[in-house]
Amino acid sequence: MMPPGAPPPVVVLVEDEPHIRRFLRTALVSAGALVHEADGFQAGLRLLKQRPPDLAIVDLGLPDGDGVDLIGQVRAWSAMPILVLSARSAEEQKVAALDAGGDDYLTKPFGVAELLARVRALLRRAVRPPVDTGAICTFGDVSVDLQSRTITRAGAPVHLTPIEYKLLGLLIGNAGRVVTHRRLLTGIWGPDRVDQTQYLRVHMAGLRRKLEDNPAMPKHILTESGVGYRLKL
């Protein structure tokens, strides 16, 4: 699964069906991965925070929550690759999971060869952002401590609203890359608000007023016209 000499990739499974977890664990361990398991939404969220993996595999139909919501929460603070594994096969369900932040989608039932091929592809493309390692992100004179959820600018504390903080977290988790309007709206307000781009304009303007030297000519929170926003570190 990984080049010779490389450390084994760590995979977190969030799956409520024990026989599928056993099947996945066997396949992944045989391919050289270290595997940790959670059987529900809350247990999965705790595990992903405690042991940020190289890859997460997330089921959608969890007994104590929806995997789409779990993915959206993870995307607020991490860009870890996420493979969605679900019996849901409708196009709109796949789109919702991918828009929430899933990187790939595999429908049950599936074969081991295809599963491992998708895992290898996601691990090859993975770029570990600073949020996964140091929990401190800096740009300009702004410093964001993602563990304590504190922000300073030129050493002075900055207060963000909960929505502004979620938006900033999504941008940090995807630093350098364009985050689409749809993904931001889905991640913050849910799939029913994907057309409400005015929400984004209002809250992005607030972020820029608090974090940019010149909000009218931002250097870090950039607009990708008609597509979304990008954080330039």
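User: Where is R75 found?
Analyst: This is a predicted model, where local features need pLDDT of at least 70, side-chain atom pairs count only at pLDDT 80 or more, and totals for chains, interfaces and linings use all residues. Numbering runs from 1 along each chain as its sequence is written, and side-chain values use heavy atoms, without hydrogens and water. Helices (H or I, at least four residues) and strands (E, at least two) are DSSP runs, numbered from the N terminus. R75 lies in the loop between helix 3 (67-74) and strand 6 (82-86).

User: Is R75 buried or exposed?
Analyst: Buried means under 20% relative accessible area, exposed over 50%, partly exposed in between (1.4 Å probe, protein chains only). R75 has 1% relative accessibility, so R75 counts as buried.

User: How do the axes of helix 3 and helix 4 run, roughly parallel or roughly antiparallel?
Analyst: Axes are lines fitted to C-alpha atoms, for helices over the stretch in contact, with angles from 0 to 180 degrees between N-to-C directions. The axes of helix 3 and helix 4 (residues 91-100) come within 8 Å and cross at roughly 20°. Angles under 35 degrees count as roughly parallel, over 145 as roughly antiparallel, 65 to 115 as roughly perpendicular and the rest as oblique. Helix 3 and helix 4 are therefore roughly parallel.

User: Which residues of helix 3 and helix 4 make the contact?
Analyst: Contact means heavy atoms within 4.5 Å. Helix 4 brings A96, A97 and A100, and helix 3 brings V68, I71 and G72.

User: What is the mean pLDDT of the chain?
Analyst: pLDDT is the predictor's confidence in each residue, from 0 to 100. In this chain, 92% of the residues reach 70 or more, and the mean is 86.
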